[in-house]
Amino acid sequence: MIYTVTLNPAVDRTLLLPSLRPGELNRVRQRIDNASGKGINVSLTLRELGAETTALGFLGGDSGRWIKAVLAAKGIGGAWVEVQEETRMNIKVRDLQSGETTELNEPGPQITSDEWAQLVELLQSLGTSSVEKKQRDIIVFAGNPPRGLPKDVYVQLISLMKERGWYTVLDTSGDYLAEGIKAAPDVIKPNLEELSDLVGHRLETLEEVEGAAREILNEGVSLVVVSLGSQGALYCQATESLLARPPAVTVRSTVGCGDALVAGTVYGIWQGYSLADVARWGTACGSATATTEGTEPGSRDLIEELLPQVEIEGAN
C-alpha cells in the first residue's frame, strides 16, 4: 500500500481566460476544480497508474467534504482528521494567450493541538511494515504544513513511521525540508531552487547539482530526486546518478508536474524497478501531467506512450 499525507489540502480552482488584464474586468472562459494538495496529487497519479493508495491529512468544512467525495469517486481511500476551520481554496489564473499561470494560494486552516494529536494517533494506527514484504509499505509526506503545527512536524512524523519499518518520502521546501532531512527520509524531491536554498548557494551546473545532492545523501537520505523543469530530473543515490530527460510534449500547465514526478518515482520503487526505470516512470508521469489543465494527472495510456521517449543519461 502507498499512503500519502497532505497536511494542507486544497480545492484548486483553475480559471481559463483569453488573456489576463490586471485592474480590468476579466471574463472567465472555463473553470476547472480539482481536489488537490501535493500528497493528494500524488495519490491521484498513483491511482491512474493502478496502484492502491490511501490519502491522509486534515480536512474541514464544505471544501473538505467535496474533496472526500471526489477522491472516493476515483477509488482513492481516505483517512482524515476533521478540523474546525475550512480547507483552503487555491486559485490558478491561466492566461491562454501568453500561456502563463498566476497562482493565488490561501494559507489554510489553523490546526489545534488536539487535531495534531489526532493525526499522530491516526498514523500510529497504521501499524508496522516489514521489509520482508514483496511490496513494502510506502508513505509520502508532501507539501508545506498549515498554521499551528511545529517547525519539526516532518521530523516527528517521519521518525514515527521509520520506527515502524515504513519507507518514507518527503517533498516539501524551506525550513520544513531542512528540518525534515534530520529524520533521514528514504527519498526527498527538491526542485533546483529548493536544493539551492538547502545548501545555501545557487547551483548553476549539473555537476554542482549532483554535488549538492550527494551532500544530502551524507545526511542519511537514500535517494535524492532533483526536478529540473524542462531539463528533466536528476536521480542520485550512493552508487549511481542518472539524468532523466523528458520527451517533448505540448505543455498546458506545469502545476502538479512535480507531484506526478513523485508519484511515478514512488510507483517505480514500489514495483522494485531499477533506478533507470524508476526515473523513466517519474519523468513520464511529470510530462503527461504537463499536458493537462489544472492539476489533473496525465492518463495511464499517455504515460505508457511517453515512457520509451524518456532519455536516461549517466550523470556520474
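## Close-up views of a predicted model

The structure holds 16 salt bridges. A salt bridge here is a side-chain nitrogen of Lys or Arg within 4 Å of a carboxyl oxygen of Asp or Glu. This is a predicted model, in which local features need pLDDT of at least 70 and side-chain atom pairs count only at pLDDT 80 or more, while totals for chains, interfaces and linings use all residues. Residues are numbered from 1 along each chain as its sequence is written, and side-chain values use heavy atoms, with hydrogens and water left out.

**View 1. Asp62 and Arg65 form a salt bridge.** The closest N and O atoms of this pair are 2.5 Å apart. Asp62 and Arg65 sit 3 residues apart in helix H2 (residues 61–73), so about one helical turn separates them. Helices (H or I, at least four residues) and strands (E, at least two) are DSSP runs, numbered from the N terminus. Both Asp62 and Arg65 are exposed. Exposed means over 50% relative accessible area, buried means under 20%, and partly exposed lies in between (1.4 Å probe, protein chains only).

**View 2. Lys74 forms a salt bridge with Glu296.** Their closest N and O atoms are 3.9 Å apart. Lys74 lies in the loop between H2 and strand E5 (77–82), and Glu296 in the loop between helix H9 (275–289) and helix H10 (300–306), so the pair ties together parts that are 222 residues apart in sequence. Lys74 is partly exposed, at 38% relative accessibility. Glu296 is partly exposed too, at 33%.

**View 3. Arg300 pairs with Glu304 in a salt bridge.** Here the closest N and O atoms are 2.7 Å apart. Both residues belong to helix H10, 4 residues apart, so about one helical turn lies between them. Arg300 has a relative accessible area of 22%, so it counts as partly exposed. Glu304 is partly exposed at 38% relative accessibility. Elsewhere, salt bridges that share partners join Arg13, Arg31 and Asp33 into one network.

**View 4. Gly50 lies in a loop between helix H1 (38–48) and strand E4 (53–59).** Gly50 is exposed, with a relative accessible area of 55%. Its C-alpha atom is separated by 8.4 Å from that of Arg300. Along the chain, Gly50 and Arg300 are 250 residues apart.

**View 5. Helix H3 (residues 113–124) packs with helix H4 (residues 153–163).** The angle is about 25°, and the axes are 10 Å apart. That makes H3 roughly parallel to H4. Axes are lines fitted to C-alpha atoms, for helices over the stretch in contact, and angles run from 0 to 180 degrees between N-to-C directions. Angles under 35 degrees count as roughly parallel, over 145 as roughly antiparallel, 65 to 115 as roughly perpendicular and the rest as oblique.

**View 6. Side by side, H3 and H4 residues meet.** From H3 come Trp116, Leu119, Val120, Leu123 and Gln124. From H4 come Val153, Gln156, Leu157, Leu160 and Met161. Contact means heavy atoms within 4.5 Å. The residues of this contact divide into 8 nonpolar, 2 polar and no charged. Ala, Val, Leu, Ile, Met, Phe, Trp, Tyr, Cys and Pro count as nonpolar, Asp, Glu, Lys and Arg as charged, and the others, Gly among them, as polar.

**View 7. Ala184 has a positive phi.** The value is about 55°, although Ala184 is not a glycine. Ala184 lies in the loop between helix H5 (174–180) and strand E10 (187–188). Its relative accessible area is 13%, so Ala184 is buried.
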